[in-house]
Amino acid sequence: MCGISGIISNTSVSRRLLDSIQNLEYRGYDSCGMAVINSHGPIVRKNVGHVAEVAEKELFTSLDGHVGIAHTRWATHGGVTPVNAHPHTSCDGTIAVVHNGIISNYGELKARLMKKGHIFRSETDTEVIPHLIEEYRKGGLPLERAFVAALNELDGSFAVAMVAAEEPWGIFCGKHESPLIIGLGQNENYLGSDFNAFIEYTKNAVVMEDGEYAIITHESYAVKRMSNGEPVNKQVMPIEWDAEMSKKGGFPHYMLKEIHEQPRTVIKALAIDENAIINLARRMIEARRANVTGVGTTYYVAQLGQYYLASEAGVSAPAVSADEFLEGSAFGPEDFILAVSQSGETYDTLRVLREAKRRKTRTAAMVNVIGSTMARLVDDVVMQGSGPEICVISTKAALAQMIILIRIAIEAGVLTGRITPADRKQKIKQLEALPDIISGFLNEYSGFVHTLAQRTAHHHNWLYLGRGRYYPIALEAALKVKEVAYLHAEGMPAGFLKHGTIALIDEKLKSLVFVPTEKEEELYNMTMSSIEEIKARGGSVTAFHSSRTLQRSKLLDDQLMLPAAPPLVAPLVSLIAAQLYSYFAAVTLGKNVDKPRALAKSVTVA
Ligand code: AGP
């Protein structure tokens, strides 16, 4: 989604503004721009394409000035064109604005402003903002009040930053339902949609809340309420991540780096305070109805959680995709919703949590980004501590969330009496063994996965099948290969296949089957039946499995033999294999691994 950056300094800012939006590229974008204030007012440069290319073409770094704002745009209203890129300006060009979010009443505002003679140049919703501020200025309001009056007229979601010729020493900004964070430096201050905008320069941040605006100079910042202009006392929050963590560290892509960081993220997820985990387990049990929610990958994480909660603890906590939650679920004050989100800013998930708040439903969230909206909104938060995940494709964050949900399921099992203390110990030990299993797998099996991808990535249509806990894994694996390699893969329960989709089976449609361990006898046998059904119809089967028997079977057209792992964690090993497969498939097909087309890291719009 769009990324906002701002720097107010007493030295030139354009070079660092460029670095800053490059650090926000991972959020997803299609165009970018910059406005730097000099003696003539804001000078705006913008265009479509990669930041580096636009910067070169538009000579970003030749802009000279001590105050500037920059933006990466992910188009929502209006096509991907140079004129739709941000910043947008007032008619007289003295006010320049960047925006993240969607202004739902922009149509009526635009009509009103046009009637008053404002000339619009773009098709965006954003452009109403500079014109609205200009209109209030014309009406006699001083700049600060004009800025706030304009923001108060906006419906929808926004994080807005403005520079203006008449007050060239600072940046004005404000937010509602889209993230905005102020960074505090030495003789200079910063603004960003997230910490990555300024993590290279400072580790001190002030997180803005909905309904707040701020005026930032190089040596001060003042946060006030949009409703009445009263000052708000803000806490300075230390950022625990460092700039190094956000670099590729020798890997060709962030995705591969982040896949390789997974042993560490598991260790971090296992180090989360036991009491926080038990607290969530208790909430699950005590609620009249408990649901786990997320969207995209985090919905599949939630689904995996549902399976573990049911099987380990006998707790029913259906996973519901956040984008459909409000329309398809009933909930009230006695219920409990656990949200899962890497960014903590996802619109669909926040929509559920905000409504839950309104209905007095107890909420909790598991998030990765410190200070994110979700972390601040819910009753209980678990910070997963996975470190920055830069690749748009979620890998390490999702695995950490799965570990945390398995821990919740185990503790819920103890609370419901299904798991004895001795069993609990055993299960925790199995989780603790996972980092070594993953490291071993990544070191020894990467070559096999790469060759498998080279052999099979040219097949464009896949069924990804799994039973039980391997079903959410199949769904998530299918999403991975769709997102990064643009291969069509339909995730499905293996048992569901025979109820219709089996009609598609022929020699061209490939099936990737996630086979449970032989120890899970019933599940293993049922999955084998599905493989037989596919083979009987002339289908082709690739299997990810750890079975010596299956290794020798003539049923498989292709296979990846996985290292042995206890049933509790074996599905996670299959997932890591699928992540790696998707990565190598994308590399084989020459795709843009870290920034796949049309995707954004944090999806903050409806
Ligand atoms: C993950 O690979 C995806 N790009 C996407 O599905 C993501 O998981 C989803 O948008 C939810 O994001 P969140 O975890 O930040 O809430």
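A polar contact here is a pair of N or O atoms within 3.5 Å; within protein, one must be able to donate a hydrogen and the other to accept it, and residues adjacent in sequence count only if both atoms are side-chain atoms. By that rule, 1 residue pair is in polar contact across the interface of domain 1 and domain 2, both residues at pLDDT 80 or more.

A bit of housekeeping before we go on. This is a predicted model, where local features need pLDDT of at least 70 and side-chain atom pairs count only at pLDDT 80 or more, while totals for chains, interfaces and linings use all residues. Residues are numbered from 1 along each chain as its sequence is written, and side-chain values use heavy atoms, with hydrogens and water left out.

Now the domains. Where they meet, 12 residues of domain 1 are in contact (heavy atoms within 4.5 Å) with 11 residues of domain 2. Together they bury about 1000 Å², 57% of it on carbon and sulfur atoms; buried area is the accessible area (1.4 Å probe) that two parts lose on being put together, summed over both. On the domain 1 side, Tyr 26, Glu 177 and Pro 179 supply 40% of the area buried against domain 2, more than any other three residues.

The same interface has 3 salt bridges, each a side-chain nitrogen of Lys or Arg within 4 Å of a carboxyl oxygen of Asp or Glu. Elsewhere in the listing of charges, Arg 354 forms a salt bridge with Asp 210, with the closest N and O atoms 3.8 Å apart.

On to the rings: there are 15 aromatic pairs. Rings of Phe, Tyr and Trp (its six-membered ring) pair if their centres lie within 6.5 Å; planes under 30 degrees apart are stacked, over 60 edge-to-face and the rest tilted. Tyr 299 and Tyr 300 make a tilted pair, because their planes sit at 40°, with centres 5.6 Å apart. Trp 462 and Tyr 464 are edge-to-face, at 6.2 Å and 80°. Ring pairs also link these two with Phe 514, Phe 544 and Tyr 581 into a cluster.
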